[in-house]
Amino acid sequence: MKKLVSHCTAFVTLAMLTLPIGAAHADQDDSLYRALGGEQGIQQLVEDLLFNVADDRRIRHHFVDIDIVRLHEKLSEQICELAGGPCEYTGDDMIKSHTGMGVTRADFNALVEALQLAMDDHQISISAQNRLLALLAPMHGEIVNR
Ligand code: HEM
């Protein structure tokens, strides 16, 4: 009996240790991912962001001679993952990606504007827009003046 009790205790402890991991996964908040239109919506959003960037005289010079297909893919993955979607970002870290580029605070703000324009065009709600911007804003330290 004593052995059974200790066996049960071990089982319960194991269950308590493993449950939160599964529960966290099941409860993952993907509401922002869904508000952005899921994987397809995010890919279209990033495409329009890059079109807006190409139209923006203030920052388009940064994007000449780069692999734009790769940038589209990596940025889409990154936004999808940040928004709680089922994606994994497989690109380089932000410091490595932007070092030597001389991105200024004004450049960063211009890119944010380009994203806001794209989100307006996609009729993303203001609250979802603000949630995404709040996730991206802290990255400025890894991108600006590198
Ligand atoms: C929140 C803001 C930003 C985010 C989330 C972001 C994200 C990214 C990502 C995911 C990549 C691809 C990394 C890879 O290839 O593995 C990248 C590359 C790049 N980013 Fe940014 N970025 C931001 C701001 C900016 C700004 C403000 C500029 C310039 C105005 C910029 C210019 C570039 C360029 C030119 C590349 C391509 C580098 C290359 O392929 O050589 N980024 N960025």
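Biologist: How many disulfides does the count come to?
Modeller: One, taking a disulfide as a pair of cysteine sulfur atoms within 2.5 Å. This is a predicted model, where local features need pLDDT of at least 70, side-chain atom pairs count only at pLDDT 80 or more, and totals for chains, interfaces and linings use all residues. Residues are numbered from 1 along each chain as its sequence is written, and side-chain values use heavy atoms, with hydrogens and water left out.

Biologist: Which cysteines form the disulfide?
Modeller: Cys80 and Cys87, with sulfur atoms 1.8 Å apart. The torsion about their S-S bond is about 65°, so the disulfide is right-handed.

Biologist: Is Cys80 buried or exposed?
Modeller: Buried, at 1% relative accessibility. Cys87 is buried too, at 16%. Buried means under 20% relative accessible area, using a 1.4 Å probe and protein chains only.

Biologist: Where is His98 placed?
Modeller: In helix α5, residues 94–98. Helices are DSSP runs of H or I, at least four residues, numbered from the N terminus.

Key:
Helices (H or I, at least four residues) and strands (E, at least two) are DSSP runs, numbered from the N terminus. Buried means under 20% relative accessible area, exposed over 50%, partly exposed in between (1.4 Å probe, protein chains only).
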